Amino acid sequence: MRTKIVAGNWKMNKNLDETEALLSELSAKLPDTHAEVIVAPTFLNLVAAQTSLQSSAIKVAAQNMHFAESGAYTGEISADMLLNIEVDTVIIGHSERRSLFGETDDLLAKKTKTALDKGMTVIFCFGEELEDRKSGNHFAVVESQLKNALFDLDNSAWNNIVLAYEPVWAIGTGETASPEQAQEMHAFIRKTIAEAYSTSIAEEVSILYGGSVKPSNAVEIFSKPDVDGGLIGGASLKADDFTAIIKAI
Ligand code: PGA
């Protein structure tokens, strides 16, 4: 179902003490909101985050997972391990996983399929590089990322997918897509899904924008009709900034 979502991707930030401190500040300052609020700390602190948030409406997600059930995959984490600690949401395909860790569309398709088969919710990230935008290739790149990783899925899989459009040139750079650029791409994404599946699936999927969202630009970005919320990196690491962004929605 299409819902408003504000998700914080903490990346490789915050040790255990810092995680507990940020979550207790966040819980105390959390504004009344109709939006779903999610935080994704490092794997190491997921259990502590769940404990800290026991009586909070904030949900915990993982930043990544492996596609295999279990086995000889040193350093990896499985869907069942996440579910065992009651983490049922996972970010897949973040641009840092793609560019720094060589994750391909094929690998992301496998991870997504496993997570969905296990009943998890996937926040699937994708977006074009600066050169793609400069050369006017951005729509084609986004379309192929979606097609290659997601378009073999059944209709029902879409109930558990959240999309996060994150133009790579806007991630951690301070440069944000304009609200018009975000709206234009989000509308294109819905059209692409409508063509591959159906208008109702396209209308029901939540599409988040990510890339240098901050308190000063969140209202304008979130006001666009096809933008259902944000995946927030840097600004999710400070309770005041993250809560201001939650208020913006
Ligand atoms: P940023 O990161 O908000 O720091 O640009 C967004 C993301 O990587 O999800």
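1. Leaving aside neighbours within four places in sequence, Val60 is in contact with Val39, Pro41, Leu46, Ala49, Gln50, Leu53, Val87 and Thr89. The model under review is a predicted one. Val60 belongs to strand S3, which covers residues 59-60. Its relative accessible area is 3%, so Val60 counts as buried. Gly71 is 11 residues from Val60 in sequence, and the two C-alpha atoms are 25 Å apart in space.

2. On the overall fold: the protein chain has 11 helices and eight strands. Its radius of gyration is 17 Å, close to the 18 Å that the globule rule gives for 249 residues, so the chain is as compact as a globular protein of that length. The C-alpha trace spans about 45 × 45 × 35 Å along the principal axes of the chain. Of the 249 residues, 51% count as buried. Taking contacts between residues at least 6 apart in sequence, 71% join residues at least 24 apart.

3. The chain carries 21 positive and 35 negative side chains. The centres of these two sets lie 2 Å apart.

4. Which side chains make polar contacts with the side chain of Glu103? One is that of Arg97, at 3.0 Å. Another is that of Lys111, also listed at 3.0 Å. Glu103 sits in the loop between helix H4 (95-101) and H5. Is Glu103 buried or exposed? With a relative accessible area of 7%, Glu103 is under the 20% cut-off and therefore buried. Not counting residues up to four places away in sequence, Glu103 touches Asn64, Arg97, Arg98, Leu108 and Lys111.

5. Asp105 is in helix H5, which runs over residues 105-117. Its side chain is joined to that of Arg98 by a polar contact of 3.1 Å. Beyond neighbours within four places in sequence, Asp105 is in contact with Arg98, Ser144, Gln145, Asn148 and Ala149.

6. Ser144, one of the contacts of Asp105, is placed in helix H7 (residues 138-150). Between Ser144 and Asp105 there are 39 residues of separation in sequence and 9.0 Å in space, C-alpha to C-alpha. Ser144 has a relative accessible area of 31%, so it is partly exposed.

7. Most residues other than glycine have a negative phi. Lys11 has a phi near 55°, a positive value in a residue other than glycine. Lys14 also has a positive phi, of about 80°, although it is not a glycine. Where are these residues placed? Lys11 is found in the loop between strand S1 (5-9) and helix H1 (16-29), and Lys14 is in the loop between S1 and H1 as well. At 26% relative accessibility, Lys14 counts as partly exposed.

8. His34 is placed in the loop between H1 and strand S2 (36-40). Its relative accessibility is 59%, so His34 counts as exposed, the cut-off being over 50%. Which residues does His34 touch, not counting those up to four places away in sequence? They are Lys4 and Ile249. A polar atom of the His34 side chain lies 3.5 Å from the backbone oxygen of Ile249. Polar contacts are counted within 3.5 Å. Lys247 is 213 residues from His34 in sequence, with a C-alpha to C-alpha distance of 9.9 Å.

Terms used: Residues are numbered from 1 along each chain as its sequence is written. This is a predicted model: local features need pLDDT of at least 70, side-chain atom pairs count only at pLDDT 80 or more; totals for chains, interfaces and linings use all residues. Side-chain values use heavy atoms; hydrogens and water are left out. Helices (H or I, at least four residues) and strands (E, at least two) are DSSP runs, numbered from the N terminus. A polar contact is a pair of N or O atoms within 3.5 Å; within protein, one must be able to donate a hydrogen and the other to accept it, and residues adjacent in sequence count only if both atoms are side-chain atoms. Contact means heavy atoms within 4.5 Å. The radius of gyration is taken over C-alpha atoms; the globule rule is 2.2 Å times the number of residues to the power 0.38. Buried means under 20% relative accessible area, exposed over 50%, partly exposed in between (1.4 Å probe, protein chains only). Lys and Arg count as positive and Asp and Glu as negative; His and the chain ends are not counted. The place of a charge is taken as NZ of Lys, CZ of Arg, CG of Asp or CD of Glu.
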